[in-house]
Amino acid sequence: MDVGLIGLGRMGAGIAKSLLRAGHRVTVYNRTRERAEALRKDGAAVAGSVAEACQGDAVLTMLADDAAVEAVMFGENGVLKALARGRAHISLSTISVALSDRLATEHDRAGHEFIAAPVFGRPEAAEAGKLAIVAAGPKAAVERCKPLWEAMGQKLLVIGEQPSKANVVKLTGNFLIATVLESLGEALAFARKSGVDAAALLDFLTSTLFNAPVYKTYGGLIVEGKHALCCRQPTRKECPCRSPACYTIGF
């Protein structure tokens with residue numbers, strides 16, 4: 001497929017590489033152009049504006065939050081005005097149910113198709129094409145985008161034709177991950193303060209009672225002291241930009 005991809009943080013860049021590796025033609029756009037230029041070596045075309053990224057079969061957005069999506073969507077040269085009738089906007093972002101419903105309404109008025117397809121997985125999974133994807137939108141459009149789902153992920157849940165249902169699923173998953181992070185942090189802190197080796201404890205727990213990727217992945221980050229990852233300065237433990245994307249540690 002011929003697609004545009006807007007938003008090249010760690011997740012967006014990884015998704016772009018997966019799509020390119022699968023043979024799709026990908027035009028990328030990012031507010032910081034250097035991130036887009038870095039993908040030329042992988043075969044991406046670089047757009048100079050949001051509108052230029054909207055000229056293919058579909059445009060995908062992978063942005064930090066509601067405000068970032070609204071800025072790209074409703075600006076003077078935003079997606080809503082630039083996308084041709086009959087083309088699709090696929091929102092991969094973690095956004096509110098209210099914004100998803102608004103996007104569905106506005107795209108319908110403009111004659112576009114809107115698919116909400118938030119993803120689960122860290123940047124490494126995005127680059128490896130091993131994300132878990134939850135999609136909702138017009139049945140024919142979701143089916144037509146099957147080659148994209150196959151390039152991006154190893155698991156697809158189609159939850160219906162109302163796009164915001166996919167966002168509901170994403171938010172429920174994030175809530176559960178947040179509770180896992182809290183409980184892991186408390187448990188490992190208690191173990192350390194009691195003189196128990198946290199790494200050994202984590203290995204024991206995740207090979208017996210809690211043998212699930214979410215415990216292994218996030219438990220490992222906590223043991224290594226990677227308690228918070230900043231989207232702009234990933235080596236810092238304190239996040240100066242206050243983006244929700246930082247606090248999720250890759251939800």
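Trainee: What makes the radius of gyration of the chain agree with a compact globule?
Mentor: The radius is taken over C-alpha atoms, and the globule rule is 2.2 Å times the number of residues to the power 0.38. For 251 residues that rule gives a value near 18 Å, and the chain has 19 Å, so the two agree. The C-alpha atoms fill a box of roughly 65 × 35 × 30 Å along the principal axes.
Mentor: A note on the basis: this is a predicted model, where local features need pLDDT of at least 70, side-chain atom pairs count only at pLDDT 80 or more, and totals for chains, interfaces and linings use all residues. Residues are numbered from 1 along each chain as its sequence is written, and side-chain values use heavy atoms, with hydrogens and water left out.

Trainee: Why is Cys54 called buried?
Mentor: Buried means under 20% relative accessible area, exposed over 50%, and partly exposed in between (1.4 Å probe, protein chains only). Cys54 has 2% relative accessibility, so the residue counts as buried. Cys145 also has a relative accessible area of 2% and is therefore buried. Buried residues make up 46% of the 251 residues in the chain.

Trainee: What makes His107 buried, and which residues is it in contact with?
Mentor: At 0% relative accessibility, His107 falls under the cut-off and therefore counts as buried. His107 belongs to helix H5 (residues 97–110). Contact means heavy atoms within 4.5 Å. Leaving aside neighbours within four places in sequence, His107 is in contact with Met73, Val79, Leu80, Leu83, His89, His112 and Phe114.

Trainee: What share of the contacts in the chain with a separation of 6 or more comes from residues 24 or more positions apart?
Mentor: Such residues account for 62% of those contacts.

Methods
Helices (H or I, at least four residues) and strands (E, at least two) are DSSP runs, numbered from the N terminus.
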